[in-house]
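This report describes selected features of a structural model, with attention to how its elements pack together. The sequence and structure are shown first.

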Amino acid sequence: MCIYIGENLTKEGMIRMSRLELDSPKKARIVMEELYKDLERRIESSPPGLCPVDMSRAFLELCHAQTCGKCVPCRIGLGQLNHFIKDVLDGKATMETLEVMEQTALSIMESADCAIGYEAANMVYKGLIGYRDDYIEHIEHGRCTCTYSQPVPCVSLCPAHVDIPGYVALVGEGRYADAIRLIRKDNPFPTTCGFICEHPCEARCRRNMMDDAVNIRGLKRVAADFAGEVDPPASAPSTGKRVAVLGGGPGGLSAAYYLQLMGHQTTVYEMLPKLGGMLRYGIPNYRLPKDRLEDYVNAILKTGVEVKHGLKIGPDITIQQLQKEYDAVLITIGASTDKKLGLEGENAEGIFSAVQFLRNVGKNIIMDLTGKEVAVIGGGNVTMDAVRTAKRLGAKKVSVVYRRRIADMTALPSEIEGAIAEGIEVQTLKAPSSLDIDENNHVKGIYVSPQMISAIRDGRASIRPTGEEDIYISCDILVVAIGQNIETKHFEDAGIPVNRGKIVTKSNGAIENLPGVFAGGDCASGPASVIKAIAAAKVAAANIDEYLGYHHEISCDVEIPEARLDDRTPCGRVNLTEREACERVKDWDGCENCMTEREAKQEASRCLRCDHFGYGIFKGGREKLW
Amino acid sequence: MVNLTIDGKQISVQENTTIMEAAAQNGIPIPKLCYLKGINEIAACRVCVVELEGKEKLITSCNNVAEEGMVIFTNSPKVRRHRRNTVELILSQHDCLCVTCTRSGNCSLQTVANDLDILEIPFKQELEHQAWNREFPLIRESTKCIKCMRCIQVCDKVQGLNIWDLEGTGSRTTVNVSAHKTIEESACSLCGQCITHCPVGALHERSDTGKVWKAIADPDKIVVAQVAPAVRAAWGEYLGLAQEEATIGKILDSLKRMGVDYVFDTCFSADLTIMEEGTEFVKRFTSGELKDRPMFTSCCPGWVRFIKSQFPHLVRYLSSAKSPQQMFGAVMKTYFAQKLGVDPEKIFTISVMPCVAKKAEREMELFYEEYAGHDVDVVITTRELVRMIRSAHIRPDTLVDIESDRPMQEGTGAGVIFGATGGVMEAALRSAYFLIKGENPPADAFKAVRAQGFNENNGVQEANFQVDDITVRTAVVSGLGNTRALLNKIEKGEAHYDFVEVMACPGGCVGGGGQPIHDGEELAFERGKNLYYLDEHADIRYSHENPDIDLLYKEFFGEPNGHKAHMLLHSDHLDDLANGR
């Protein structure tokens with residue numbers, strides 16, 4: 001055989017490597033990349049309640065597989081830690097094992113060369129400290145105290161425990177009115193939630209393990225848009241009991257709805273001219289069209305709920321009076337005052353609280369901001385509502401001014417994107433330091449101190465000043481949207497316990513030492529979401545019913561379609577589209593487009609029906625009544 | 001109707017029929033393990049998978065309904081391959097030492113594995129070892145549990161006690177006593193329904209047959225046995241005897257052939273119970289003591305355990321009469337010992353019961369002048385009796401009818417029906433009527449308390465009876481879930497009764513936790529019919545007409561509820577409760 005020594009072969013006949021080469025990923029690596037993504041999504045949708053010790057073991061095995069093998073602590077130590085965890089799980093460990101584990105983990109943390117080793121050991125170490133009780137339970141009793149607490153992820157994560165697989169299946173079959181009836185069993189505001197719910201239900205949707213969460217909120221919107229008018233169910237025979245509900249927001253109205261269905265005559269006291277609370281006076285029309293809200297408020301009123309407008313609790317009517325007049329009183333006054341910046345001049349003209357600013361628009365008191373500059377301080381959903389509202393009021397320039405980064409904002413990403421698309425400026429890493437007020441006591445601008453992102457504390461990146469000079473942002477209108485408070489004064493005076501600005505209740509919503517007085521929603525939990533207020537209303541309604549000596553059950557007789565037996569193949573999620581930004585800023589109409597029926601059918605078919613498949617059919621798959 | 005094709009056969013079934021039922025109705029059995037109709041339809045074991053034409057994934061036939069146009073294959077190559085794999089996986093976590101298992105030959109897993117011709121298991125065996133108190137009447141073998149969840153479901157849905165639950169998560173998920181309690185700490189009623197609904201040998205009663213053999217072998221012991229009414233309705237099932245062949249007389253013969261010295265029928269002491277409890281009821285009823293709450297029967301130890309843990313404030317409404325088992329034990333160690341002229345210490349009392357809770361009942365504290373020790377020394381279940389007969393190599397077809405020994409020989413039809421739900425009530429009413437009126441009612445006057453079917457009307461039968469101008473309001477309930485619902489109604493004032501009979505097991509003792517097991521079948525109602533047949537054909541159908549009972553009172557006790565009877569035949573449940581028993 002003749003060996004040709006050419007440019008690609010060495011004397012020994014080996015193939016010579018080029019000096020530099022472009023990586024072309026091998027098939028295995030492509031598949032692995034896919035699997036990493038799969039695993040990420042799987043971890044995201046991991047049900048809570050898993051045994052942390054067993055999960056530590058699983059994580060550690062993954063970490064150990066990542067070791068490069070160079071250094072001793074990581075290559076050997078992680079494996080040894082894993083043996084100890086297994087001993088704990090197998091009931092073969094003693095308390096001494098824990099000590100050795102802790103020492104070993106510390107040693108790896110402090111001696112490993114790179115993050116693969118020290119971060120892996122840190123995970124174990126955090127667990128040894130953070131869930132030591134679980135380790136001890138395994139060691140001392142050979143038993144695990146954990147059990148699955150989340151049979152159907154979406155239902156358990158929905159604060160009001162709406163029967164999501166049920167209504168998704170109904171939407172899939174085009175039975176929209178039935179879907180609305182089923183939703184109303186747990187949530188009397190299907191339309192509202194279809195538009196603006198924060199959809200915690202989607203966070204751990206098991207469909208994530210395949211491709212992406214089901215668009216649950218979108219499908220609720222479909223039900224609400226296509227159902228037409230659906231009458232509420234008939235109320236139970238009158239019990240002769242009377243209940244006062246203070247505050248006509250989503251919490252108060254929900255409680256009133258259920259109490260009325262249970263046969264108790266309910267009266268809602270609302271200080272503002274119309275019902276709906278923050279839904280009407282906080283959330284702008286382009287997010288939740290008011291005519292749609294009206295439909296649902298009317299459906300609730302159809303049950304026979306009475307309303308008294310214009311009375312403010314405290315000045316106009318006291319808790320004591322209501323206690324005498326009614327068999328039970330429910331406080332759902334929400335959180336309708338603002339937090340202050342605490343800067344000098346905050347009461348100047350042109351400075352508004354977000355609640356005030358948005359409420360004016362809700363009341364149809366329209367300010368003309370044409371040609372004006374508006375700055376809004378904050379980073380939450382209310383901030384986004386304020387800037388987008390300002391834009392629609394004609395402002396020339398609208399800016400969000402926020403202390404941290406966009407990634408740190410509590411506003412939903414879609415709200416931030418929507419605002420940016422509508423031409424909102426976002427000034428991040430700027431902390432307000434002082435206000436510039438003119439001689440007419442009108443705001444002229446705000447000084448902000450530049451910040452830099454810094455160490456992570458309690459899981460959140462903190463900020464610190466960069467040391468640069470303050471920056472001036474000029475504005476004609478300044479809106480402060482840094483959170484809301486609760487008007488607790490009158491309640492405190494009436495002997496209702498208040499702590500950190502919130503009304504203190506027992507877990508059943510009752511107030512200690514005040515028989516028959518209950519509270520729920522934002523005023524008891526602090527500012528939260530609509531769905532949380534509705535959940536609190538359910539709790540209060542059920543417990544008021546019990547308090548009044550009854551045990552009415554709220555149920556829904558809609559028959560839920562059998563789960564389809566089709567193979568579930570990966571399929572993209574249908575996202576809701578929005579109207580063009582340049583068009584929608586010109587009016588107050590809704591921004592978001594609904595799905596088509598065809599899209600809805602496909603999206604509904606993506607539901608894995610965890611009520612039927614998996615643990616749901618064994619336990620907790622469906623609560624037919626409450 | 002829904003039309004579909006199963007294994008090439010075109011069939012039509014009612015709407016909402018599961019695929020499994022549709023197949024079974026058409027002669028196509030689909031193997032299954034975890035499925036228990038109405039109780040456990042959770043598709044966990046995956047043995048009942050079938051192929052739906054056009055779909056990649058197999059579907060379970062137990063919990064999916066037949067739909068129009070479906071084409072189903074219950075035995076395609078794919079189904080066979082996966083079903084077999086699944087059973088092999090189950091076997092890898094099951095202790096397959098069948099020869100020492102109580103359920104060998106009556107095990108659903110064994111049947112499925114044998115049917116699938118599985119001769120070796122390709123997987124590594126991984127058995128789970130959980131600690132368990134082997135002295136407790138109910139034993140759980142963690143190495144045999146296949147996590148079908150039936151025990152959890154029966155206890156939750158039928159008995160309403162939630163004794164079992166899943167524990168742990170992930171691959172280590174297992175079944176254990178709920179709320180991290182031990183079985184002794186739990187509120188287990190010992191009804192044994194989890195045992196009779198277990199498809200394998202993971203749950204069983206503590207075996208006490210060794211103690212019986214030991215006593216028989218002891219020359220210093222006089223071994224005396226009693227056999228409960230419900231045993232006769234079921235013992236023959238395991239031995240291949242037809243119901244009419246499987247008589248009480250043959251059980252007594254088998255016991256004698258095994259070496260038991262004296263044999264008795266618990267129907268005798270059931271009659272004695274009626275005398276005591278009937279008299280007590282008439283007294284409490286006429287004194288107005290039962291205006292707010294009814295008197296409850298006390299002969300079911302599962303129920304007594306239940307009321308003590310779940311409704312302790314109602315314990316004082318329990319009849320103070322001991323159960324027939326305990327009464328007979330007391331009589332054996334006093335009256336009968338005297339008759340024999342021996343010390344009570346020499347008498348070793350055995351009872352054959354359809355029940356697991358009886359094993360705990362025998363440990364009850366005694367308060368009065370009873371023989372210092374226990375009324376009953378060993379309790380064996382119907383299943384243990386059958387195991388003893390088999391281990392004694394007795395051919396069932398050679399057994400003959402023999403009579404009970406004297407002087408506690410006679411048992412009435414009223415005593416026999418104790419074994420079925422409603423029986424105690426009916427027997428008590430027959431005698432209570434006599435006590436009030438001084439004459440017998442027609443024997444079938446109180447038939448209205450009998451069940452109309454298994455768990456019909458949620459296990460409750462209500463009936464009011466008129467005796468002259470007095471109305472006696474009665475209710476009979478079986479199954480502890482049903483019992484809880486009834487007690488809640490009573491407590492809420494939605495129902496009012498004077499006398500309530502409760503049996504822990506659905507259908508009464510005939511469906512007891514110690515009875516022969518037939519996976520997927522509820523035989524209580526059928527077995528109960530047998531007892532009612534025996535009652536109908538009995539010479540004597542009123543407890544108060546039992547001549548041997550009459551003699552017992554004349555010679556020994558004096559009168560029902562008299563001093564001596566009180567000392568030997570009654571117990572103090574409140575004292576029990578106060579002492580945490």
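Why is helix 10 of chain B largely enclosed by the rest of the structure? In this predicted model, twelve of the 17 residues of helix 10 of chain B are buried, so the helix is largely enclosed by the rest of the structure.

## Helix 10 of chain B

Helix 10 of chain B spans residues 324-340 and bends by about 40° at Met332(B). Met332(B) is itself one of the buried residues of this helix. The buried set also includes Pro324(B), Gln325(B), Gln326(B), Met327(B) and Phe328(B). Gly329(B), Ala330(B), Val331(B), Lys333(B), Thr334(B) and Phe336(B) belong to it as well.

The cover over these buried residues comes from both strands and helices of chain B, including strand 10 (222-227), strand 11 (262-265) and strand 13 (347-353). Helix 8 (267-286), helix 11 (357-361) and helix 18 (563-569) of chain B also contribute to the cover. Just after helix 10 of chain B, Gly341(B) adopts a positive phi of about 70°.

Strand 10 of chain B, part of the cover over helix 10 of chain B, is itself largely enclosed by the rest of the structure, because six of its six residues are buried. In a regular strand, side chains alternate between the two faces of the sheet. Ile222(B), Val224(B) and Gln226(B) point one way from strand 10 of chain B, whereas Val223(B), Ala225(B) and Val227(B) point the other way.

Two parallel partners are found for this strand. Strand 13 of chain B pairs with strand 10 of chain B over six bridges in the parallel sense, and Ile347(B) is the bridge partner of Ile222(B). Strand 11 of chain B runs parallel to strand 10 of chain B and is joined to it by four bridges, with Tyr262(B) as the bridge partner of Val224(B).

## Domains of chain B

The domain assignment of chain B gives domain 1 (2-100), domain 2 (138-205) and domain 3 (207-581). The centres of domain 1 and domain 2 of chain B, taken over C-alpha atoms, are separated by 25 Å. Their contact takes eleven residues from domain 1 of chain B and twelve residues from domain 2 of chain B. On the domain 1 side of this contact, eight residues are nonpolar, two are polar and one is charged.

Chain A contains 23 helices and 18 strands. Buried residues make up 44% of its 626 residues. The C-alpha atoms of chain A fill a box of roughly 105 × 65 × 55 Å along the principal axes.

Five strands of chain A form an open sheet with parallel pairing, in the order 3-2-1-4-18. Its edge strands are strand 3 (306-309) and strand 18 (517-519) of chain A. Neighbouring strands of the sheet are turned by 20° against each other on average, direction ignored. Within the sheet, strand 1 (residues 242-246) and strand 4 (residues 328-331) of chain A pair over four bridges, and Leu330(A) in strand 4 is the bridge partner of Val245(A).

Helix 12 (residues 250-261) of chain A lies across strand 1, strand 2 (265-270) and strand 4 of chain A, at about 165° to strand 2. Helix 21 (residues 530-547) of chain A packs on the sheet and touches strand 1, strand 4 and strand 18 of chain A.

## Contact between the chains

In the predicted model, 18 residues of chain A are in contact with 22 residues of chain B. The chain A side has nine nonpolar, four polar and five charged residues.

Notes
Residues numbered from 1 in each chain as written. Chains lettered and ligands numbered in written order. Predicted model: local features only at pLDDT ≥ 70, side-chain atom pairs only at ≥ 80, totals over all residues. Bend = angle between axes of the 7 residues up to and from the residue. Buried ≥ 20, exposed ≤ 12 C-beta atoms within 10 Å, placed from the backbone. Contact = placed C-beta atoms within 7 Å. Domains from an automatic or database assignment. Nonpolar A, V, L, I, M, F, W, Y, C, P; charged D, E, K, R; others polar. Pairing = 2+ DSSP bridges. Axes fitted to C-alpha atoms, helices over the stretch in contact; angles between N-to-C directions.
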